[in-house]
Amino acid sequence: MDELLGEFISETQETLEALAGVVVEWEADPSDRDRLDSIFRFFHTVKGSCGFLNLPRFERLSHAAEDVLSEIRSGRSVPDPATVNAVLAVMDRIGELAEAVASGVSLPSENDDLLIAALRQDSAVAGKTVPTVGSPAPPLQKSGSSINSLRTIRLPLTLIDQLMNGVSDMVLARNELSRKLRDHISDPDIDSAFERLSTCVADMRDAISKTRMQRVDRLFAAVPRMVRDLGRELGKRIDLDLEGGDVEMDREMVEMVLDPLTHIVRNSIDHGIETPVQRAASGKPEHGTLRLVARQSGNQIVIEISDDGKGIDTDALVRKAVQNGTVTPDTAARMTEQEKLDLIFLPGLSTAKSVTAVSGRGVGMDVVRANVERIGGVIALENQPGRGLKITLRVPLTLTIIPGLIVTAGGQQFAIPRSAIVEILHENNATLSIARIGGACIATIRNTRHSMIDLEDVLGLPRHYQAGPRTVMVVRSTSGVPFAMSVASVDNHEELVIRPASPLIMATGMYAGMTLPDNGQPMLLLDAGGLANTANLSNVDEDRGNQAVDLGKPEARPIEMLSTLRFEELTGEERLVRLSLVERVEDIDTGLFGLSGGKAFVHVDGRLLRVANGHHTFDQPTVTALRLRDGDREVCYPVARVTDIVQVPSTPDMALSEGLISGVVLIDDAHLEILDPFTLFAGVPDEPVAPIDVPRCILAESDDVWAKEILSPLLKQAGYDVLIGMPEGHALRPDDVILCVNADTAKALSTDRPIVQLRSATKPHSNEDRSIYRYDRNAVMAAIDSARRGGVA
Amino acid sequence: MMNQLYLFACVAGTPIAVRTEEIEAVVKLTDISPVPGMPPHIAGLSALRSRVLTMIDVAALIRGVPTPHEQRELAIIADISSHSYGLIVEGVSDICTVSEGPLPLRGRLSPAWMPFAQAIVENEGEPHLLVSLASFIDPALTLAA
């Protein structure tokens, strides 16, 4: 009997969970017969089961609800909001009762009558008497076929966990056997048998892992109800759109994501979506839209929560941050939009004007972010002020297996989630400088200062002597401020099976769990945020706007060394340039280079940069280019290739005082010239490059769809400025190229500029026909190019 | 009461008795990986097949100093609030029922044992302190915090 009861309770709870969404959909569209039927079926099943389980209260409630619903089903009454409310209340009460029965506590029953009265009254208002005897419910029989045809069994979770542990044991035993086998003489027979065993074990592990998977539906199940209730409470109208419920993720992961997701949804309804009046005033539809989308991307689950509300007011955020001293006004002025937006993750900052019952209870996005990052996830915001906010959660597919790095510190190994690591550098890396002052340690990496800790110091381990350089990792902490952590070495990258550590160990706050890697030695998983807290790293004023500018100065040493980038000029010479000047190295499309008024330029990132060495024509489609920066000005320096980063004495072996070359050094018997940054930047004075310089194509027919929709994007992509229609009143520029789709247009044009004639037929009409088939991209590009050259020459 | 089985062991030189329901197994100690930043009575982590045990040096909890490695012999494995622990003991002598059941504590107990001892259980005329394994974990939690 107990078993039956347990079965009944868990089945009821599960159905309730699944139905929460259905009820809301039914409310939205009361004529939806399918939804109504499934709710009716629920009450009917509950009533039927509790009859022989002797649960009179369940029976009364479900009976009453069933009556009302059957009225609606037969068309004798209409579901008004009050009825729906009453039905929902009864469902909730059944859920509470189930909970109570499961945990063996009693629930006062007087409210049952109220609920039932509410149900009856409403249907009486609808003009019907309520039959008091149970109504027959024939549709139950056909329910099975429509819901699912997959045969399933119910298993206790402990059994699945046991299976999982059993498989883990098997994997460990397999690993041990494999080590033992390797020690002995290899026998192909045994090897192949062992190989087969290995495959089986691996398959088994995968299969067992799948038993832990659950559909994201379960995560979404509570959302419709929450949206409905909150929307009603706050007087907002919200359309909910759920997508991707069939994506599967780990059962534990679902549990862990539930809280952050709930919080985000509440926030979005409370602070994001405006009231119908406000929405109408800002020209939006009265119904706000909330969209939840789940999808799998590699070994991650991406959950997007987007609304079309008012978004985040970043200026208000900044004001608040300045007010409570988290950010100095000075810094605030320098912050980018994204940095401002990220302020929302700081503890104690909220844009809510007042604390409401729904959210803004002091638990904010900082907690959401911490929770998401604790499970190895990432949270990102996409803010469109006034138009909406999209929050993207990326979480690993399973909680228990995460990609991790194994690091050594103080002779011991630790794991750290891969997702927490931003960057890994050797201590002697040129872009890194470490300063120790008054016990504090500051690492400056490419002009950004980070607090630095030695893992050994935080953990209280001795530091072992080591021959090679230590490794510095930039770690993203939950407080949002990355810090640098120095370890003896980073050893390995492994998929780690993470288990929770005992509370004793978790109490230190430095560990996030433990893992048993293949070698069978237990290992602890470090908690990045916890380490930062333990080390008392300051979270404030690590502002990213406040970047150091002059990293270029090497530290004072007997022989000052300078980090330089070794590269080969387009003309073949091998040269060096101070690494600190190099903003980045990238391959640039040669089509983006051009010449104007004798000055070479390149069109990148929507800006024009001067080309320092004057090159502007290349025989390759792309060219490697250095982007050099003197602090605020940037120039481009195309090179043949970049060879290496080399350390050279800051005083060259031979100093030259004139020209682009400041000196020559000897490296590995090769003499290398050092570029003089002064001359380099002095040679390209800071004068605005006229935007006129982008090579321009003119599409002669302004009304041709093909030219406008197909050709023009292609040309823009290739780096051309496209003008649709012949310019009136403006003189054509000497390097303009005109493209015509119709032969007649070309004839009508009276211009000295070269015309590229395109045709839609694949074959030319005659031998004199010089037009080009318009879908032959290479030929079109070549024709434009040669026309330009012809024109310029 | 008559059928209550006890495990008799020795910790910090003191004979103790543990109700067998609390015990999952008694194993020989294997390698322990230390956990930095922990109070001295938390010896570290140890792997038992695919499970990871948190090893508690019970003697360190009583005496305040960690037990030397060579004296670490056996561990009582127990599942306490769904985490697996190994409690390091010096020796295990017997498992049996005790006819007279637990007796009240008499005499003045040393303060070190106060939080742990619940009663006295006599086996073959020798008194043993009846302890609950969970009590070794819970006060430890407050110490570590």
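Two residues are taken to be in contact if their C-beta atoms, placed from the backbone, lie within 7 Å. The model is predicted, so local features need pLDDT of at least 70, side-chain atom pairs count only at pLDDT 80 or more, and totals for chains, interfaces and linings use all residues. Residues are numbered from 1 along each chain as its sequence is written, and chains are lettered from A and ligands numbered from 1 in the order in which they are written.

In helix H11(A) (residues 251–272), Asp259(A), Pro260(A), His263(A) and Ile264(A) meet Val368(A), Asn371(A) and Val372(A) of H16(A). These contact residues comprise 4 nonpolar, 2 polar and 1 charged. The axes of H11(A) and H16(A) (residues 365–374) lie 9 Å apart, at about 150 degrees. H11(A) and H16(A) are therefore roughly antiparallel (angles over 145 degrees).

Helices H7(A) (residues 157–183) and H8(A) (residues 188–211) cross at roughly 160 degrees, their axes coming within 10 Å. H7(A) and H8(A) are therefore also roughly antiparallel. The contact includes Ile160(A) and Leu163(A) of H7(A), and Ile190(A) and Phe194(A) of H8(A). The contact residues split into 13 nonpolar, 3 polar and 2 charged.

Strand S30(A) (residues 670–675) runs parallel to S20(A) (residues 574–578), joined by 2 bridges. Strands pair if DSSP finds at least two bridges between them. Arg575(A) has Glu673(A) as its bridge partner. S29(A) (residues 661–667) runs antiparallel to S30(A), with 6 bridges. Here Leu666(A) stands opposite His671(A).

Terms used:
Axes fitted to C-alpha atoms, helices over the stretch in contact; angles between N-to-C directions. Helix = DSSP H or I, 4+ residues; strand = E, 2+ residues; numbered from the N terminus. Parallel < 35°, antiparallel > 145°, perpendicular 65-115°, else oblique. Nonpolar A, V, L, I, M, F, W, Y, C, P; charged D, E, K, R; others polar.
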